[in-house]
Amino acid sequence: LKFQYQKKLFFDLSLQNEKFVLSNDAKLLPRFAFRWRLTDKRKSSFKVFSVLDFYAVYGKYTDDFYTKEYSSIYSYLPYYQNQIISPDMILPVSMIYETGISFSIIENRIFLNTEYFTKVSKGLPSSVPIPGGTGFNNYLLMNNIDLQASGLNLQISSDIIKGGRMKLNLAINYSYQMNRVIKMDVGPLYT
């Protein structure tokens with residue numbers, strides 16, 4: 001679903017149903033994006049900016065690795081067949097929050113885009129050790145890891161030469177990301 005109001009407000013909403021290939025778990029994953037164009041070059045009260053946009057994104061998604069039948073997870077099936085797959089396996093889902101601002105000045109010759117994001121991934125699968133007497137490969141595949149990544153992206157670009165038959169553009173990118181393990185279960189303990 002997409003909506004736009006006077007070429008200033010833009011909304012985008014989508015729902016996607018995904019099913020986990022290793023279990024019957026399925027989830028409905030919403031995504032929402034919002035963009036507010038604060039300036040219009042033709043009618044701008046901000047004489048400095050050619051374009052000034054604010055945007056925000058929230059969404060849930062999962063990797064194709066876990067959902068598609070032709071996925072590369074099947075190349076791991078011989079490995080997984082020697083393991084016990086937890087009956088409680090669920091579809092790993094990531095939530096992303098992103099906000100940013102972009103603007104251009106001097107007749108769109110200098111452009112700056114900056115964004116901050118946080119991504120939280122819950123229920124990532126991994127193998128945890130189990131006793132060797134089970135007859136399996138001593139591992140249980142279960143959802144036991146939650147991760148958080150947050151960071152900042154910054155891009156500055158400029159059209160140094162613009163016009164005629166020659167164009168020259170200079171761009172600088174900076175990215176910073178910090179990853180943190182929120183939770184990591186060791187699985188069932190056997191004595």
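Which strand gives the largest share of the nonpolar patch, and how many residues is that?

Author: That would be strand β9, residues 168-184, with three residues of the patch. Before we dig in, a caveat: this is a predicted model, where local features need pLDDT of at least 70, side-chain atom pairs count only at pLDDT 80 or more, and totals for chains, interfaces and linings use all residues. Residues are numbered from 1 along each chain as its sequence is written, and side-chain values use heavy atoms, with hydrogens and water left out.

Now the patch itself. Tyr116, Leu152, Tyr174, Tyr176 and Met178 make it up, and it covers about 510 Å². To get into a patch, a residue needs over 30% relative accessible area and no salt bridge; like charges are joined within 9 Å, and nonpolar side chains (Val, Leu, Ile, Met, Phe, Trp, Tyr) within 5 Å. Areas come from the Shrake-Rupley method with a 1.4 Å probe, and for residues only the protein chains shown count as cover. Tyr174 is one of the patch residues, and it sits in strand β9. It counts as partly exposed because its relative accessibility is 45%; buried means under 20% and exposed over 50%, with partly exposed in between.

How far can you trust that strand? Among the elements of the chain, β9 has the highest mean pLDDT, 92, while helix α2 (residues 77-81) has the lowest, 54. That score is the predictor's confidence in each residue, from 0 to 100. The chain averages 80, and 79% of the residues score at least 70.

Stepping back, the chain has two helices and nine strands, running β-β-β-β-α-α-β-β-β-β-β from the N terminus. Those labels are DSSP runs numbered from the N terminus: H or I with at least four residues for helices, E with at least two for strands. Buried residues make up 31% of the 191 residues.

For contrast with the patch, look inside. The largest nonpolar core holds six residues: Phe20, Leu29, Met89, Leu91, Val93 and Leu141. A core here is a set of buried Ala, Val, Leu, Ile, Met, Phe, Trp, Tyr and Cys residues joined through side-chain atoms within 4.5 Å. Beyond four places in sequence, Met89 touches residues including Phe20, Pro125 and Leu141, where contact means heavy atoms within 4.5 Å.

Then there are the charges. Salt bridges (a side-chain nitrogen of Lys or Arg within 4 Å of a carboxyl oxygen of Asp or Glu) come to three. One joins Asp185 and Lys183, with the closest N and O atoms 3.6 Å apart. Another pairs Arg35 with Asp53 at 3.0 Å, N to O. Arg35 is in strand β3 and Asp53 in strand β4 (residues 49-61), so this pair ties together parts that are 18 residues apart in sequence. Asp53 also meets Arg37, at 2.8 Å, N to O. Arg37 lies in strand β3 and Asp53 in strand β4, so this pair ties together parts 16 residues apart in sequence. Asp53 is buried, at 2% relative accessible area, whereas Arg37 is partly exposed at 30%. Put together, Arg35, Arg37 and Asp53 form a network of salt bridges.

Key. Buried means under 20% relative accessible area, exposed over 50%, partly exposed in between (1.4 Å probe, protein chains only).
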